[in-house]
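This report is a guided reading for someone meeting the structure for the first time.

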Amino acid sequence: MQKRRLSGRRPLLLAVGAGVTAATLAAGMTSAFAATVFSDDFNDGNTSGWSKSGGTWTVDGSGVLNQSNAGSELARQFAGQTSWTDYSVQARVRPTSFGSSSALVGLAARSTSSTKMYRLALLGSGRAELQAVNGSSVTAIGSAALGIGTGTWYTVRIEASGSTIRGFVNGTQIASGSNSLAGAGRIGLVTAYASGGFDDVLVDSSGGGTPTTPPPTTTAPPTTPPPTTTPPPAGWPTPTGSQKVDATIPVSGSFDGGLKRYYGIGDGGQSESQDPMFELAAGATLRNVIIGAPAGDGVHCEGNCTLINVWWEDVGEDAATFRGGTTYTVDGGGARSASDKVFQHNGSGTVYIKNFRVENAGKLYRACGNCSTSYQRHVVIDNVIVRNTDAIAGINTNWGDTARFSRITIVGDPDRETSICVKYKGVPKGSEPTEIGEGADGVNCLYSPSDITYQ
């Protein structure tokens, strides 16, 4: 599996970011929620900044930290400050062997000693369990059956805020509870009677925020797009009429526009904070609508939403912004003339884009790289026609985003200049994300040559 190359840097510890003062840092992040305070991708080939306790640890040639002694009762690497209180810690974790169903590979937070910590354990039984560990006493805060297996990368995260501890696997919350075992402490990478690999460790002082997703109703992020047989539309529809809009139209339930053109909000440009044309409440559906110009910030989804046969003739700030919820579906329709991006994903969860066409755009989809909350986000793009577009999707690999592509047809691009999947390093609000690569990697950007057709 190809390693995601990031910066090749040594661990970054307590770097001042937006909204974090030097006094706050000196106090050990006791109250600030704003910055990345530690990160390590092991691309420098060493474990500088970490302290080992047990196990056999090496950094391999692809920049992955491995613990190879599957017979070790408890192997740990610790980093950070014992004074850290409210934060989130995230890492990519790959179990390579389990000695038993109770063997584990995992991540630790608020470790006050080598045997006292909160631990999110990937177990040989296939479960993920958030634990409060105090010596030989292990209390389960919560768990979920995820079918954990060897050889697979999992993005694991612990959020600690006050006495509330939450655990996430691949962006889905698997456990949450109140526990007073430890109010502060270091981070750790751990195994017990197991071997595994670790990569892309990130500690953020915004970890005490609200849950990024509700407790799981499914056990893993999507691996395949929903089945579809509908072809992308062959051309752009003719409006059945036009209606000027002077204020945002709220939608609860279902709104069918009968292919009428709606226009009149904003200035038609890229200026920030324009009002949307439609604002969809959680669970709402918008269908058979043509959005003309000016269109402001297009459509806002405040929760789960469905857009069916919606067309944007001239995208303004964005065509649609997915702000809350966990599942958003765009089925049919199209968008053109988007100087930046068509779909902006600010919330958590997964966006499905299918049976769609995009023309003259910067990107079809972008996972927000500098929003106030840094969620893990996913997009599944299927059966889409692309013309004169710089990139199909942009994601933040350091947050574990994924983009899956199938049945993509790119028209009029003989030099194959359209990027399929662009990778960024997401950053705190107030900074600008940096591009760190592109292309299929089997981890974040998921497609094969047969998924892309050029015409």
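## Overall make-up

The secondary structure of the protein chain comes to 1 helix and 32 strands, where helices (H or I, at least four residues) and strands (E, at least two) are DSSP runs numbered from the N terminus. The model is a predicted one, in which local features need pLDDT of at least 70 and side-chain atom pairs count only at pLDDT 80 or more, while totals for chains, interfaces and linings use all residues. Residues are numbered from 1 along each chain as its sequence is written, and side-chain values use heavy atoms, with hydrogens and water left out.

Of the 455 residues of the protein chain, 57% count as buried; buried means under 20% relative accessible area, exposed means over 50%, and partly exposed lies in between, as found with a 1.4 Å probe on protein chains only. Among the contacts (heavy atoms within 4.5 Å) in the protein chain with a separation of 6 or more, 62% are between residues 24 or more positions apart.

## Strand E15 and its partners

Strand E15, which covers residues 186–192, is mostly covered, since 6 of its 7 residues are buried. Two strands pair if DSSP finds at least two bridges between them, and E15 pairs in the antiparallel sense with strand E6 (residues 75–79) over 5 bridges. In that setting, Val190 of E15 is the bridge partner of Arg76.

E15 also pairs with strand E8 (residues 104–113), again in the antiparallel sense, and here over 6 bridges. Leu189 in E15 stands opposite Leu107.

## Disulfides

A search of the whole structure finds 3 disulfides, a disulfide being a pair of cysteine sulfur atoms within 2.5 Å. When the bonded cysteines of the protein chain are numbered in sequence order, the pairing is 1-2, 3-4, 5-6. One of the disulfides is formed by Cys301 and Cys305, whose sulfur atoms are 2.0 Å apart, and this link is right-handed, with 90 degrees about the S-S bond. Cys301 is buried with a relative accessible area of 0%, and Cys305 counts as buried at 4%.

Cys368 and Cys371 form another disulfide, with their sulfur atoms 2.1 Å apart; the torsion about their S-S bond is about 110 degrees, so this disulfide is right-handed. Cys368 counts as buried at 4% relative accessibility, and Cys371 counts as buried at 17%. A disulfide also joins Cys421 to Cys445, with an S to S distance of 2.1 Å. This pair links distant parts of the chain, with Cys421 in strand E29 and Cys445 in strand E31 (residues 445–446), 24 residues apart. The link of Cys421 and Cys445 is left-handed, with -65 degrees about the S-S bond, and both cysteines are buried.

## Salt bridges

Side chains of opposite charge can pair when their charged atoms come close. The whole structure holds 14 salt bridges, each defined as a side-chain nitrogen of Lys or Arg within 4 Å of a carboxyl oxygen of Asp or Glu. One of them joins the side chains of Asp246 and Lys244 at 2.8 Å, N to O; Asp246 is exposed, with a relative accessible area of 68%, whereas Lys244 counts as partly exposed at 48%.

Another salt bridge joins Asp340 and Lys341 at 3.0 Å, N to O, where Asp340 counts as partly exposed at 31% relative accessibility and Lys341 as buried at 12%. Arg357 and Glu359 meet in a salt bridge of 3.2 Å, N to O, and both of these residues are buried.

Asp413 is placed in the loop between strand E28 (402–411) and strand E29 (419–425).

A polar atom of the Asp413 side chain lies 2.9 Å from the backbone nitrogen of Thr418. Not counting residues up to four places away in sequence, Asp413 touches Thr418, Tyr454 and Gln455.

Notes
A polar contact is a pair of N or O atoms within 3.5 Å; within protein, one must be able to donate a hydrogen and the other to accept it, and residues adjacent in sequence count only if both atoms are side-chain atoms.
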